[in-house]
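Me: Could you walk me through this one, a few questions at a time? Here is what we are both looking at.

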Amino acid sequence: MMATTDTCKRAPLTYIWIIENFSKLTYKLDLESPPFIASSISKAEWWITIKGKSTFQCSINTRDLWDDEISAIDIEFSLLAADGSALISKRNDESILQIDLLTRAEFLERSSEFLPNNTLTVRCRMWRKGREIPTTDLCYARTKLEIYTGSFTWSVEEFSALKISTAMDPRDLSLNEKKVYPLKSLTKKRPFVALVLSLKRYSESEDIYVDVLVKKNSDYVFFSYELSVIDANGEVIGSQRKDAYTHFYFHIFSSCPLISKNKLVSSKDLYLPNDTLLLKGSFETVTGVMSNEIEYCTSFVSPFVKVEKKDLDCDDDFSCPPEYEEYFNNNKVDENYLNHKFVEEKMCSYFCNRKCSLKAALKYLHTEATLSDVCLRIGTKSYPAHKNILCIRSPAFSKNIKDSMIEINGMNENTLFRLLQYIYTDTIEDLQFDNALELFKAATDYQLFELKDKCSDFLIMNLSKTNVCDIQSLANKYLDEKLENAARNFFLV
């Protein structure tokens with residue numbers, strides 16, 4: 001039996017889980033949200049799991065309740081659009097805390113809707129049957145996947161010297177039957193990748209194959225690559241794409257034929273200039289979770305703190321099987337070929353949140369006003385600050401700081417305090433609707449766009465009949481399309 005109409009009227013616990021760097025590549029990845037305790041529901045630890053198999057499955061999990069207690073809980077899962085509206089929602093049947101939201105084909109077909117900016121947003125609502133919750137409890141959590149992308153070009157010289165091979169495994173190729181291009185890792189946490197090109201004959205055709213060897217430094221690797229053959233003019237004459245996953249420490253991804261030798265030699269001057277085969281490629285790897293934490297929660301919800309397992313030391317000397325040595329430890333490769341350019345998600349934000357003394361030092365500067373060289377005055381209240389920090393964080397400050405005393409207009413003391421707190425610590429505490437409204441305005445005026453987005457998300461998730469007009473007015477004043485769409489959708493519900 002589906003959740004009753006009465007369930008919908010009761011105030012829920014709402015858990016918003018934002019997963020960054022999610023893509024079609026990571027659909028099959030099983031993920032767990034940061035755990036939490038919601039006293040309005042129970043004293044138990046809860047966490048959300050998503051699994052992308054034949055269906056996209058969401059479940060809420062606990063290890064501290066009996067079946068009869070679980071059966072007293074109703075849940076609803078939704079996938080949210082960029083403006084906070086629900087793209088798809090389903091409630092549970094009876095005591096099952098697991099929901100198949102949609103099929104794999106449906107998810108992939110609508111991936112542009114579900115994954116704006118490669119970000120998946122999952123909402124879970126929970127109700128306790130027979131118990132009125134006086135307020136709507138709210139929790140925001142964010143998970144960031146570790147992703148690396150890169151591109152490269154590979155000039156395979158002396159192509160005519162490449163001998164035909166019948167070997168099925170690239171490790172069985174002799175030296176004159178292969179060309180190797182190692183995409184060597186630039187950091188210890190990235191996987192090592194090597195491309196192995198060979199010429200193979202099947203039936204009457206002689207074709208070019210490029211196999212991919214992966215040696216990883218993490219629990220798993222999702223790997224996607226596209227490889228193309230280009231002519232002397234830079235035009236693509238053959239290409240292939242492959243998505244793959246491995247949890248093995250070493251793995252070989254076998255390829256299909258990339259291009260036939262007959263096609264290449266039919267126009268040697270164009271396709272093999274100076275007896276050189278030209279390849280270009282791009283790749284993307286996902287190697288794990290970079291960060292997984294609760295960013296904000298109301299007073300009746302709290303993060304569940306558990307002891308973290310110590311990560312493997314990346315300096316450990318994992319021995320490489322002999323058949324892989326020449327691919328991953330080959331120092332004879334022409335460095336001119338190793339021109340791949342990596343674009344990575346920066347990890348410093350996560351580590352500063354957890355460990356970095358720099359963040360602690362900035363917080364100390366904010367609270368103790370050590371070495372301050374400017375005061376921000378609002379009414380009779382003055383807030384000491386540091387010009388260099390204000391200018392680096394806010395372009396608006398960098399244009400206006402000239403004297404040691406600055407009059408701040410257009411905001412109240414509480415908003416200025418929260419604005420400075422965010423500038424120094426990158427955090428906001430005890431956010432409520434009214435102060436989020438004012439903080440949104442200040443963040444816009446001072447060009448703190450990440451803070452503006454945090455406030456916008458909070459306001460959207462707290463839309464109600466009593467405040468939707470305020471949101472609409474704010475959206476009109478600041479020409480904010482996301483807020484405007486959220487308010488319009490609310491009226492249509």
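Me: In the hairpin of strand 6 and strand 7, which residue takes a positive phi?
Reply: Happy to start there: the hairpin has 5 residues between its strands. Strands (E, at least two residues) and helices (H or I, at least four) are DSSP runs numbered from the N terminus. With a positive phi near 90°, the residue you want is Gly-84.

Me: Before going on, what kind of model is this, and how are the residues numbered?
Reply: This is a predicted model, where local features need pLDDT of at least 70 and side-chain atom pairs count only at pLDDT 80 or more, while totals for chains, interfaces and linings use all residues. Side-chain values use heavy atoms, leaving out hydrogens and water, and residues are numbered along each chain as its sequence is written, from 1.

Me: How many bridges join strand 6 to strand 9?
Reply: Two strands count as paired if DSSP finds at least two bridges between them. Strand 6 (residues 73-80) runs antiparallel to strand 7 (residues 86-91), with 5 bridges, and Leu-80 stands opposite Ala-86 there. On strand 9 (residues 119-128), Val-122 is the bridge partner of Leu-79. Strand 6 and strand 9 are also antiparallel, and the number of bridges joining them is 7.

Me: How many of the 8 residues of strand 6 are buried?
Reply: Buried means under 20% relative accessible area, with exposed over 50% and partly exposed in between (1.4 Å probe, protein chains only). In a regular strand the side chains alternate between the two faces of the sheet. Here Ile-73, Ile-75, Phe-77 and Leu-79 point one way and Asp-74, Glu-76, Ser-78 and Leu-80 the other, yet all are buried. Strand 6 is therefore largely enclosed by the rest of the structure, the buried count being 8 of 8.

Me: In the open sheet of 3 strands, what is the strand order?
Reply: The pairing in this sheet is mixed, and its edge strands, strand 23 (381-385) and strand 24 (405-407), each pair on one side only. Strand 22 (residues 374-378) pairs with strand 24 in the parallel sense over 3 bridges, and Cys-375 stands opposite Met-405. The order is 23-22-24.

Me: Which helix packs on the sheet, touching strand 22 and strand 23?
Reply: Contact here means heavy atoms within 4.5 Å, and axes are lines fitted to C-alpha atoms, for helices over the stretch in contact, with angles from 0 to 180 degrees between N-to-C directions. The packing helix covers residues 413-425, and its direction makes about 5° with that of strand 23. That is helix 12.

Me: At roughly what angle do the axes of helix 12 and helix 13 cross?
Reply: Two packed helices are described by the angle between their axes and the distance between the axes. For this pair, the axes come within 9 Å. The contact involves Asn-414, Thr-415, Arg-418 and Leu-419 of helix 12 and, from helix 13, residues including Leu-439 and Ala-442. The axes cross at roughly 65°.

Me: How far apart are the end C-alpha atoms of helix 13?
Reply: The expected span is 1.5 Å times one less than the number of residues. Helix 13 (residues 433-445) has 13 residues, so it should span 18 Å. The model agrees with that, its end C-alpha atoms being apart by 19 Å.
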